[in-house]
Amino acid sequence: MNPNEWKQRGLVSIWSYDGSPRNYPGWHLNCDEAGAASLISLVDALLDSQEDAHRTVVVTSPAESQLAVSNCRATPSSPERLVVKIAPEWRLSEVAGKLELCLPREMGQEIIRGLQGLVEGKGDYSIGEKGSQLWFWW
């Protein structure tokens, strides 16, 4: 699929905790089944694309039930949008209400495995570099 043909389905929640508590650094991701499948198809399309494509995902603020899984007492903060793009280096950075996920091609399968794990009830681990981790929560 061409990345420009991708359409979001389902719910995607991504958040960080104010003050970046020691045991909860980086960004935290949870999706419903349709949202996980939708992100998997997006990552697949971006990986297959020869151009420098990117797509924007609408983010839903995390529900109390999602936050209860990580059990962090700090205040969560969620961007309005998530921009996913293939890039030479891993990076998560927030600018003006958007979180940009720069994803090296070699990490594409790690993201896909993490998203598949969410549907299977697996999580509580992160990928990425220190200070720029992406946590998966079921």
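Predicted model: local features only at pLDDT ≥ 70, side-chain atom pairs only at ≥ 80, totals over all residues.
Leaving aside its neighbours within four places in sequence, which residues is Asn 30 in contact with? Asn 30 is in contact with Leu 11, Val 12, Ser 13, Trp 15, Gln 66, Leu 118, Trp 137 and Trp 138.

**View 1. Five strands form an open sheet.** Reading across the sheet, the strand order is β4-β1-β2-β9-β8, and the pairing is mixed. The edges are β4, at residues 76-77, and β8, at residues 125-129, each of which pairs on one side only. Strands of a sheet pair through backbone hydrogen bonds, either parallel or antiparallel. Here, β1 (residues 12-17) and β2 (residues 27-31) pair in the antiparallel sense, with 4 bridges. To find your way along this pair, look for Ser 13, which stands opposite Asn 30 in β2.

**View 2. Asn 30 sits in strand β2 and reaches two tryptophan backbones.** Is Asn 30 buried or exposed? Asn 30 counts as buried because its relative accessibility is 7%, and buried means under 20%. Follow its side chain to the backbone oxygen of Trp 137, at 2.6 Å. The side chain of Asn 30 also reaches the backbone oxygen of Trp 138, this time at 3.1 Å.

**View 3. Helices α1 and α3 lie across strands of the sheet.** Helix α1 covers residues 33-48 and lies across β1 and β2, running at about 110° to β2. Helix α3, residues 108-119, lies across β2, β8 and β9, and its angle to β9 is about 30°.

**View 4. One cavity of 30 Å³ or more is found in the model.** Rolling a probe the size of a water molecule over the atoms shows where empty space is left. The largest cavity holds about 90 Å³ of space. Its lining residues include Ile 14, Leu 29, Leu 82, Leu 101 and Leu 134. The elements giving two or more residues to this lining are α1, β5 (81-86) and α3. Which element gives the most to the lining of the largest cavity? That is α1, with 3 residues.

**View 5. Strands β8 and β9 make a hairpin with 2 residues between them.** These strands run antiparallel and are joined by 5 bridges.

**View 6. Asp 18 is in the loop between β1 and β2.** Asp 18 counts as partly exposed because its relative accessibility is 42%. Leaving aside neighbours within four places in sequence, Asp 18 is in contact with Ala 74, Thr 75 and Ser 77. Asp 18 and Leu 29 are 11 residues apart in sequence, and their C-alpha atoms are 15 Å apart in space.

**View 7. Asn 71 and Ala 96 have a positive phi although neither is a glycine.** Asn 71 is found in the loop between α2 (64-70) and β4, with a phi of about 60°. Asn 71 is partly exposed, with a relative accessible area of 44%. Ala 96 belongs to the loop between β6 (91-95) and β7 (98-103), and its phi is about 50°. Is Ala 96 buried or exposed? With a relative accessible area of 79%, Ala 96 is exposed.

Conventions:
Residues numbered from 1 in each chain as written. Heavy atoms only, no water. Pairing = 2+ DSSP bridges. Contact = heavy atoms within 4.5 Å. Axes fitted to C-alpha atoms, helices over the stretch in contact; angles between N-to-C directions. Buried < 20%, exposed > 50% of the residue type's maximum accessible area, 1.4 Å probe, protein only. Polar contact = N/O pair within 3.5 Å; in protein donor to acceptor, adjacent residues only side chain to side chain. 1 Å grid on protein atoms, 1.4 Å probe; cavity = no way out; pocket = protein on both sides within 12 Å on 5 of 7 lines; lining within 4 Å. Points joined across faces, edges and corners; volume = space filled by probe spheres on them.
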